[in-house]
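Morning, everyone. Have a look.

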Amino acid sequence: MNIAIVGASGAVGQELLKVLDQRNFPIDSLRLFGSKRSAGSVVKFRGQEITIQELTHDPELFRGVDIAFTSAGGGTSLEYASTITALGATMIDNSSAFRMDPDVPLVVPEVNAADALNAPRRIIGNPNCTTIQMVVALNPIRNLAGLKRVHVATYQAASGAGASAMEELRCQHADIAAGREPKVEKFVAQLAYNVIPHIDVFTDNGYTKEEMKMVNETRKIMHDPKIRVSATCVRVPVMRAHSEAIWCETERPVSVEEARKAFAAAEGVVVCDNPAEKEYPMPLGLAGCDPVYVGRIRQDLADDNSLAFWTVSDQIRKGAALNAVQIAEYLLKHKA
């Protein structure tokens with residue numbers, strides 16, 4: 001396979017390189033692209049030094065490329081998609097640019113892998129990190145008893161806003177400890193010692209774009225426009241790995257034991273659920289891990305047909321780079 005990464009110097013681009021290497025993805029050639037600022041930088045991969053090239057509108061840059069991972073923002077994806085795919089490359093896009101396009105499959109391999117084989121524009125969407133985490137956990141419950149309604153509250157780490165956001169959180173803690181006024185640039189308010197119920201911009205219905213992504217992407221991935229989803233997305237002072245509290249209403253009552261068995265048997269899910277021994281997923285110990293961890297599984301006391309549970313997953317791994325590589329692995333397996 002001939003592979004390209006657009007946005008190679010960014011957090012997700014760097015994670016893509018790690019995941020490709022760790023999973024022994026077969027690569028005959030690797031091309032790395034970035035902005036004019038990052039062009040010329042050298043990246044080491046499997047013992048070779050690869051120079052990042054400047055991304056331009058020349059389709060020849062992608063001649064012979066089988067799969068191009070793009071993670072340089074929605075604007076870049078929109079501007080360069082035709083360049084990247086012109087000579088036959090399949091683009092796996094980590095931005096929100098094409099996710100709701102009817103001709104672009106939105107894929108989480110544990111849930112709807114086969115959708116990746118029907119990509120008429122040669123573009124496959126990698127869903128939002130919070131959506132990926134949620135649907136991986138919801139899928140075994142849906143397969144068990146159907147899904148009618150989902151409520152979710154997210155607890156999203158600083159890394160979801162990029163490396164500069166993580167640095168801002170570090171600096172805020174250092175400034176406060178030193179008695180200095182903390183600087184606020186990346187977030188809408190001070191994140192240290194705080195939580196911010198505001199991720200992305202607000203829409204006319206009072207929900208943010210981040211929250212509406214969870215609504216619309218879940219329906220598309222699960223092929224069910226009738227699933228009712230409501231989300232509240234919150235930034236928390238955690239460095240890496242998102243957490244979500246999820247309540248889901250099923251078509252029939254599901255016992256906790258049934259749910260636990262379904263989670264345990266599900267691809268990409270690890271059950272960590274022993275509150276008596278203080279065992280439940282927490283982001284501090286799960287950064288850098290691949291699965292979606294599920295715990296605090298219990299009946300919803302407000303609805304006999306509902307379950308409540310807690311999930312944690314590294315949003316740079318499963319929420320971005322790993323999911324994209326898993327899509328590529330599926331394409332390779334099916335020779336798409």
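Which residues in helix 4 meet which residues in helix 7? Ala137, Pro140, Ile141 and Leu144 in helix 4 meet Glu258, Ala259, Ala262 and Phe263 in helix 7. Contact here means heavy atoms within 4.5 Å. By class, that contact has 7 nonpolar, no polar and 1 charged residues. Ala, Val, Leu, Ile, Met, Phe, Trp, Tyr, Cys and Pro count as nonpolar, Asp, Glu, Lys and Arg as charged, and the others, Gly among them, as polar.

A word on the source. This is a predicted model: local features need pLDDT of at least 70, side-chain atom pairs count only at pLDDT 80 or more, and totals for chains, interfaces and linings use all residues. Residues are numbered from 1 along each chain as its sequence is written, and side-chain values use heavy atoms, with hydrogens and water left out.

Now the pockets. A pocket is an open set of points on a 1 Å grid over the protein atoms alone, where a 1.4 Å probe fits, with protein on both sides within 12 Å along at least five of seven lines; lining residues have an atom within 4 Å of a point.

The largest pocket has a volume of about 1000 Å³, meaning the space filled by probe spheres set on the points, with grid points joined across faces, edges and corners. Its lining has 44 residues, and Val12, Ser71, Gly73, Asn94 and Gly160 lie nearest its centre. By class, that lining has 14 nonpolar, 23 polar and 7 charged residues.

The second largest pocket holds about 190 Å³. Its lining residues include Gly160, Lys186, His198 and Arg235. The classes there are 5 nonpolar, 3 polar and 3 charged.

Note on methods
Helix = DSSP H or I, 4+ residues; strand = E, 2+ residues; numbered from the N terminus.
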